[in-house]
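Try each task before reading its solution.

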Amino acid sequence: MTTKIEKAGPVDAPPPAPESIKAIPVRHYGRWVAAIIAIALIALLISAFARGDVNWNAIPDYFFDGEVLRGVRNTVWITILSMVLGVALGIVLAVMRLSKNPVTASIAWGYIWFFRGTPVYVQLLVWFNLGLVFDYINIMPIYKDEWSDFMTPFLAALLGLGLNEAAYMAEICRAGIQSVDEGQSEAAQALGMSHAKTLRRVVLPQAMRVIVPPTGNEFINMLKTTSLVIAVQYWDLLQATSEVGQNSGATAEMLFLAAAWYLILTSVLSVGQYYLERYYARGSSRNLPATPLQRVRANLLSFSNRSGGVGA
């Protein structure tokens, strides 16, 4: 038996490697021009305030003044209470608005229509001046008193801010409830859960992912809106800094001080809002983005690893 061995032909040479492409980034000259203009405008603004007749030393001198701190405390307190009232009443109004009962749905719609359609400043003045209409408040047999003693500046501020906020929170809660698929409610009711239990155990926990972000924005907006309670003579941050400014002669400086305190408070609330949104986003996002602190730690760890590698 013979075996025929064929000669192998010449091996094909590998194809030449493709030439590397040198990518030239597009130059965005407009961005540089816009950045230069923005920096120039900021520099002009800083220069104008630097040349202005402003006693900048008065701001740190009165930053922790007793009256100012009392105004800060009252501002935070009225903000929290107004938001608690607004959120609680807003949830009730949202449920009423979605009710199949035409009476309760109409009442909720009318409330939202009225309080969203009138300015909160006007509502504060109305609550504070109702003593011109009513001499007494008589809730038989619970409470009876003169209206001037009953409607204090604190109560006028709380009702004016809280009831107005409830109208906006009702729409936010309604949008959150409607964002949950109806099949969730149907499945819960098929298991024998009541409507109230379904709303509390199934619908609202899922709706919080939609409700929390705008509620955080409303909280921050409420903090700033409290500056309007000066109209009802409630001692808040703006009232305190205005009084200090009139007594010290540093009126403009105390307004800058008030703005600084508002920035600090809103920044703290913004951080809280960020982590609260992150908490409720766990059910919808598998991989949550890193927090600013986690990003800083990762960058420091990467920098230390590179430094160690270079040193080695």
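**Exercise 1: a segment and its record**

Task: describe the fold of residues 76-96.

Solution: Over residues 76-96 the chain is 100% helix and 0% strand, with the end C-alpha atoms 30 Å apart. Helices here are DSSP runs of H or I with at least four residues, and strands are E runs of at least two, numbered from the N terminus. Next, turn to the record: an unreviewed UniProt entry lists 76-96 as a "transmembrane region", along with 32-50, 108-130 and 255-276. Such annotations may be inferred rather than shown by experiment, and their positions follow the numbering used here.

This is a predicted model, in which local features need pLDDT of at least 70 and side-chain atom pairs pLDDT 80 or more, while totals for chains, interfaces and linings use all residues. Residues are numbered from 1 along each chain as its sequence is written, and side-chain values use heavy atoms, leaving out hydrogens and water.

**Exercise 2: a hairpin**

Task: find how β1 and β2 are joined.

Solution: Strands β1 (residues 136-139) and β2 (residues 143-146) run antiparallel, joined by 4 bridges; pairing needs at least two DSSP bridges. Y136 stands opposite E146 in β2. Finally, a hairpin of 3 residues links β1 to β2.
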